[in-house]
Amino acid sequence: MSVSIQIKDVVKRFGDLTVIPDLSIDVQDGEFFTLLGPSGCGKTTLLRMIAGFNSIEGGTISFNGQVINDMDPGKRNIGMVFQNYAIFPNMSVRKNVEFGLRYKKEKPSKEEAAKLTDEYLKLVHVDQYADRMPDRLSGGQQQRVALARALVIHPQVLLMDEPLSNLDAKLRVEMRTVIREIQRKVGITTIYVTHDQEEAMVISDRIAVMKDGVINHCGKSKSIYQRPANLFVASFIGKTNILGAQLVVDDGACWIKTKDGYRCRIDSVRDEEVADRPITISVRPEEFRIHRAEDTDEGMLGTVHSSVFLGLNTNYFVDLDSGETVQITLESEVNEIIPDGTKVRLTLNTSKVNVFDPTTFLSLMQGVENSVETPQTDADREV
Ligand code: ATP
């Protein structure tokens, strides 16, 4: 049986250092919830608080509404998987998986333990290596063993701390699907820690983007990518271009006016934010359109600085006449790549552009919940 998890106004301090000032999250029963953020933002610290390995300096952590702040880690019934596998090198695969069962409160009989072990070895597809020693397994296979060992005890929560970061790129991609499928099958409430945004997007029901111990945006990957709550989230999730601009109200409509005077209409700014004002816009590389300058008068004027052919796509780096530089991703054409030095005009797919307040860096877009609890600084833009 898995549980819902309530984290309310939680504070973590190490001596004088406050790592988590005041954090609240609700994780639903059976949800795959990911903590995503740059190194040092407090992901592992929070996971260890849930596991009971770190003290809690304020607030409460509850399972199904029952506060567990003071509960012994061993009584929390949690399965854990770490990046370094942490499987015992001197035990066979089977013995590793069986190990956790020995310490269960209601210890299963020998036959039951063997049956359960077989079941979980099969679930993670390592049953054919049951009698091997771990040093004869690949990293991916060892991580499957670690997962089976965590799940065999039927924990009510599964905590995973960067479980794929020691694997090579190809295996990481394969294993994230394996983890997701197994989690769905077992239906266990899972909190997963990573700093890899693509991994988080593939694997999670919901993601909390953290910075300096603060949740900057919590939501589904689509909303985080398409309508980020602030400029830090926009820059941390995927690539984006940040440009200075003005919001202009004219003719009963709302327009973005870029530094060199190009205007494009935008309908999705929150009504209460629509006014003539300076703004910062975030434009994903795939949301620009490139036109030859001689073909049109519309768009931001610039010069192709360089390009990189990546197969499916080509990346262009364009120096705008405004002094800003942008990266653009276009699907590669059979025809030639636009040569360096070409004068171009860029237009925007405004339905995908995001508008932010240039001082608070908060989103001004409709439908965005601003879950930012502390003021942002200029440094936040340098991700
Ligand atoms: P990474 O992705 O690099 O693992 P993280 O987001 O998991 O980073 P944490 O390991 O939670 O970050 O660390 C958050 C902050 O708390 C860091 O500044 C770290 O130095 C500090 N910290 C963690 N554990 C301790 C400790 N036992 N004593 C003092 N400071 C600590």
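Reader: Which residues of α1 are buried?

Author: The buried residues of α1 are Lys 43, Thr 45, Leu 46, Leu 47, Met 49, Ile 50 and Ala 51. Buried means under 20% relative accessible area, exposed means over 50%, and partly exposed lies in between, with a 1.4 Å probe and protein chains only as cover. The model is a predicted one, in which local features need pLDDT of at least 70, side-chain atom pairs count only at pLDDT 80 or more, and totals for chains, interfaces and linings use all residues. Residues are numbered from 1 along each chain as its sequence is written, and side-chain values use heavy atoms, with hydrogens and water left out.

Reader: What makes α1 mostly covered?

Author: Seven of the nine residues of α1 are buried. Helices (H or I, at least four residues) and strands (E, at least two) are DSSP runs, numbered from the N terminus. Just after α1 comes Gly 52, with a positive phi of about 95°.

Reader: Why is Leu 23 called buried?

Author: Leu 23 has 1% relative accessibility, and therefore counts as buried. Leu 23 belongs to strand β2 (residues 17–27).

Reader: With which residues is Leu 23 in contact, leaving aside its neighbours within four places in sequence?

Author: Contact means heavy atoms within 4.5 Å. Apart from those neighbours within four places in sequence, Leu 23 is in contact with Ile 7, Lys 8, Asp 9, Val 10, Leu 46, Met 210, Gly 213 and Ile 215. Leu 46 is also among the buried residues of α1.

Reader: Why is His 154 called partly exposed?

Author: The relative accessible area of His 154 is 39%, so His 154 is partly exposed. His 154 is placed in the loop between α4 and β7. Its phi is near 55°, a positive value in a residue other than glycine.

Reader: Why does Asp 251 count as exposed?

Author: Asp 251 counts as exposed because its relative accessibility is 76%. Asp 251 is found in the loop between β11 (241–250) and β12 (253–258). Phi of Asp 251 is near 60°, again a positive value in a residue other than glycine.

Reader: Which residues are around the ligand?

Author: A residue is near a molecule or strand if one of its heavy atoms lies within 4 Å of it. The residues around the ligand are Phe 14, Val 19, Pro 38, Ser 39, Gly 40, Cys 41, Gly 42, Lys 43, Thr 44, Thr 45 and Glu 162. Helix α1 (residues 43–51) gives the largest share of this shell, three residues.

Reader: How do the residues of the shell around the ligand divide into nonpolar, polar and charged?

Author: Ala, Val, Leu, Ile, Met, Phe, Trp, Tyr, Cys and Pro count as nonpolar, Asp, Glu, Lys and Arg as charged, and the others, Gly among them, as polar. The shell around the ligand holds four nonpolar, five polar and two charged residues.

Reader: How far is an N or O atom in the side chain of Thr 45 from an oxygen atom of the ligand?

Author: A polar contact is a pair of N or O atoms within 3.5 Å; within protein, one must be able to donate a hydrogen and the other to accept it, and residues adjacent in sequence count only if both atoms are side-chain atoms. For Thr 45, the side-chain N or O atom is 2.5 Å from an oxygen atom of the ligand. A polar side-chain atom of Thr 44 lies 2.8 Å from a ligand oxygen atom, and a backbone N or O atom of Cys 41 lies 3.1 Å from one. The protein covers 57% of the 640 Å² of accessible area that the ligand has on its own, by the Shrake-Rupley method with a 1.4 Å probe, where for residues only the protein chains shown count as cover.

Reader: How do you know that the span of helix α5 is close to the expected one?

Author: The expected span of a helix is 1.5 Å times one less than its number of residues. Helix α5 (residues 169–186) has 18 residues and reaches 26 Å from its first C-alpha to its last, close to the 26 Å expected.

Reader: What caps the N-terminal end of α5?

Author: Asp 168 caps that end of α5, with a side-chain oxygen 3.1 Å from the backbone nitrogen of Lys 170. α5 is followed by Gly 187, whose phi is positive, near 70°.
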